[in-house]
Amino acid sequence: MIGRIFIGLVIIAAIIGALILGQGPGAVLTRQAGTQSTDVPGYSARNAEVIETGDDGRAVYRLDARLVRQRTNDSRVQLDGPRMTFVAADGTTWNIAARSGLIHPDGSNVDLYGDVQLDGKVQDMPVTNGTSTLSFDTRTEVATTKAPVTLDSNGGQLGATGLV
């Protein structure tokens, strides 16, 4: 009886030893270079609000998005459903909405994509601009696009290519 128990323990020990030796040294603790995913999450937030202020404390722009995310391998910030408000130097408030966007790593530009709508006033007349892409330079507070644009104001419509 003791012989059977001893033989059973030897077999179990052999199986465990084979499993440990079969994995190689440090297999559990180390990861091979290059096996890590390139899509590593950095941070993300739902229903996020970002307010950028200038040196004078004045809000340069306010940005709301359904989803904001950054990946550690790409320091740009991705935006889903961004809505942006900025006040121009002349005091005019402009609102921008799009399907998606990117904030550059240094925060100098916000690029917006897909059904971009820019609403504001020009000489007290409401103006709506529609385009496919728009770039907002946060330092100069200038919005630009090279894409086709539709301008709606006072019931009239004007088509153009590009906008500053």
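1. Thr72 sits in the loop between β2 and β3, and its C-alpha lies 4.7 Å from that of Gly42, 30 residues away in sequence.

2. A word on the ground rules. This is a predicted model, where local features need pLDDT of at least 70 and side-chain atom pairs count only at pLDDT 80 or more, while totals for chains, interfaces and linings use all residues. Residues are numbered from 1 along each chain as its sequence is written, and side-chain values use heavy atoms, with hydrogens and water left out.

3. Overall layout. The protein has one helix and 10 strands, in the order α-β-β-β-β-β-β-β-β-β-β from the N terminus. These elements are DSSP runs numbered from the N terminus: helices are H or I with at least four residues, strands are E with at least two. Of the 164 residues, 29% are buried. The accessible surface is about 11000 Å², and carbon and sulfur atoms own 56% of that (Shrake-Rupley method, 1.4 Å probe; for residues, only the protein chains shown count as cover).

4. Contacts along the chain. Contact here means heavy atoms within 4.5 Å. Taking the contacts with a separation of 6 or more, 31% join residues 24 or more positions apart.

5. Which residues have the most contacts inside the largest nonpolar core? They are Tyr61, Leu63, Leu79, Met84, Ile96 and Val110, in a core of 24 residues. Elements giving two or more residues to this core are β2 (59-71), β3 (74-80), β4 (83-87), β5 (93-97), β7 (109-122), β8 (125-137) and β9 (142-153). The largest share, five residues, is from β2. For the record, a nonpolar core is a set of buried Ala, Val, Leu, Ile, Met, Phe, Trp, Tyr and Cys residues joined through side-chain atoms within 4.5 Å. In soluble globular proteins, nonpolar side chains tend to be buried together.

6. Leu63 is worth a click. Beyond its neighbours within four places in sequence, Leu63 is in contact with Ala48, Glu49, Val50, Leu79, Arg83, Met84 and Val110.

7. Phe86 and Glu141 make a pair to look at together. Phe86 is in strand β4 and counts as buried because its relative accessibility is 5%. Not counting residues up to four places away in sequence, Phe86 touches Val60, Tyr61, Thr92, Thr93, Trp94, Ile96, Phe136 and Glu141. Glu141 itself is in the loop between β8 and β9 and has a positive phi of about 60° although it is not a glycine.

8. Now the largest pocket, with about 320 Å³ of space. Its lining has 16 residues, and the closest to the centre are Trp94, Leu118, Val122, Asn129 and Val164. The lining divides into 13 nonpolar, two polar and one charged. At least two lining residues come from each of β7, β8, β9 and β10 (156-163), and β9 gives the most, four residues.

9. How that pocket was defined. On a 1 Å grid over the protein atoms alone, a pocket is an open set of points where a 1.4 Å probe fits, with protein on both sides within 12 Å along at least five of seven lines; lining residues have an atom within 4 Å of a point. Points are joined across faces, edges and corners, and the volume is the space filled by probe spheres set on them. In the lining tally, Ala, Val, Leu, Ile, Met, Phe, Trp, Tyr, Cys and Pro are nonpolar, Asp, Glu, Lys and Arg charged, and the others, Gly among them, polar.

10. Is Asn129 buried or exposed? Buried, because its relative accessible area is 5%. Asn129 is in strand β8, and its contacts more than four places away in sequence are Trp94, Val116, Gln117, Leu118, Asp119, Val149, Thr150 and Leu151.

11. Two last residues. Gly120, in strand β7, is buried at 11% relative accessible area and touches Thr93 and Trp94, among others. Asn154, in the loop between β9 and β10, is exposed at 61% and has a positive phi near 50°.

Methods
Buried means under 20% relative accessible area, exposed over 50%, partly exposed in between (1.4 Å probe, protein chains only).
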